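Take a look at the model below.

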Amino acid sequence: MEITKNYSFHGELSIPGDKSISHRGIMFGAISNGMTEITNFLQGADCLSTISCFQQLGISIENNGTSVLVHGKGLHGLSEPGKTLDVGNSGTTTRLISGILAGQPFPSTIDGDASIRQRPMKRIFNPLSDMGAKFQCWDPAYFPDDKKAISPNCAPFTIQGGALKHIHFNSIIASAQVKSAILLAGLYADGITRVTEPALSRNHTELMLAGFGADIISTGTTAAIRPEPQLEGQLIHVPGDISSAAYFIALGLVTPGSEILIKNVGTNPTRSGIIQAALAMGANLTLLNEHTESGEPVADILVTSSDLHGVTVEGAQIPTLIDELPILAVMAAFADGTTMIRDAQELRVKESDRIAAVTQNLAAMGANVTPTADGMIIEGGKPLHGTHIQTCHDHRIAMSFCIAGLNADGETTFDDEGCVTISYPSFYEDIQKLAL
Ligand code: S3P
């Protein structure tokens, strides 16, 4: 695939379902009584990994390609998997399922792709071990034929669950995956489990679990859950993923002469930092038709081409746009002045090291960019030229640099453009639909 700048972009677009909410719908449906129906389910590879893991755990799940039916078996209805649970590329599957498996009276083994095998799991092993679960990591060189135990805190690993103690965990990172793993284990604990984080991360677990009937309360940055609720299957309509919408926000803003209406996007304030950041950069961006669906705020987003200027993003803002920082960096390269991204060291342990991936690819396109330990500094306004993008097999790097390539001189090519299927299988078709 070669990308060149030939277009302005116009029209309306419905964005596929939210990845975080789709994962949770399967998981919470599986441990609820009766049927959960999930409409606008994201058919990305990560969410399909979650489906197949829960099928391995004895849950019947029907997927017709748009909506999904989960035949839940209640909090104690999962059964021991016959083989290793393959989470593919999905960190959310790995960490959230571990919270559920911590409460099961059987062992489960989890493995994934090369990226998952490098992602830090100590952040969930420590609190879940404090609650009583046991973890054993395996050396990938011997796995699975001749399992050899090692100490590093990555997949592949086996988790032996059982009776759990409640804890109050003070997390040093604002991570919804860590928070959710502990809250899910808290469903099986002997008292109220609490998690406090340094800044509020996405709260889909708290909102959706409450909708299924859990007794869960959030106060500031602390969430508390009571064990052994009767969870009941629900009808979940998944809003469009703001993380996917972000590429079209950027496309509409930086491509001259463009206007795009992005419909039905989830605008939960714990996720919508990209909207605030874009507005702070001078974006012509308007929220229309604001309403609530399945407990989550939703709106249409209208963007028109704008003269952007640099911005600083840091502190408590970072968890609200953590997955959008690669595309924000691309927007910053087209903006006048300096953009600083700080307090975002978590970017180093995503599907790839996104500080390295973004700064190296932007520099290869001619941008003036400096990586830092916890972010980057971008001096915007230099014209970009096409190059061969190293995606690091990271869907968000591929999509971000597709948007950059559509606004760069010359040709942009990719080592692995197909990795977008992780979160947005129809990404290139959707771009094509808007091209004039
Ligand atoms: C997610 C939480 C975030 C985010 C990821 C999805 C979730 O990860 O980056 O893409 O669904 O809970 P962290 O919790 O590790 O920050």
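Predicted model: local features only at pLDDT ≥ 70, side-chain atom pairs only at ≥ 80, totals over all residues.

Helix 2 covers residues 45-56, 12 residues in total. From its first C-alpha to its last it reaches 16 Å, close to the 16 Å expected at 1.5 Å a residue.

Which residues of helix 2 are buried? They are Asp46, Cys47, Ser49, Thr50, Ile51, Cys53 and Phe54. An α-helix has 3.6 residues a turn, so residues three or four places apart point the same way. The cover over the buried residues of helix 2 includes helix 1 (19-30) and helix 3 (91-101). It also includes strand 3 (60-63), strand 4 (68-73) and strand 5 (85-86).

Now turn to the ligand. The residues around it include Lys19, Ser20, Thr92, Arg95, Gln177, Arg202 and Asp323. Arg24, Ser175 and Lys350 are also among them. Arg24 places a side-chain N or O atom 2.7 Å from an oxygen atom of the ligand. For Ser175, a polar side-chain atom lies 2.8 Å from a ligand oxygen atom. For Lys350, the corresponding distance is 2.7 Å. Taken alone, the ligand exposes 380 Å², and the protein buries 96% of that.

Last, the cysteines. A disulfide is a covalent bond between the sulfur atoms of two cysteines. Cys137 is buried, with a relative accessible area of 5%. Cys154 is buried too, at 19%.

Methods:
Residues numbered from 1 in each chain as written. Heavy atoms only, no water. Helix = DSSP H or I, 4+ residues; strand = E, 2+ residues; numbered from the N terminus. Expected span 1.5 Å × (residues − 1). Buried < 20%, exposed > 50% of the residue type's maximum accessible area, 1.4 Å probe, protein only. Contact = heavy atoms within 4.5 Å. Near = heavy atom within 4 Å. Polar contact = N/O pair within 3.5 Å; in protein donor to acceptor, adjacent residues only side chain to side chain. Areas by Shrake-Rupley, 256 points an atom, 1.4 Å probe, with all protein chains shown as cover.
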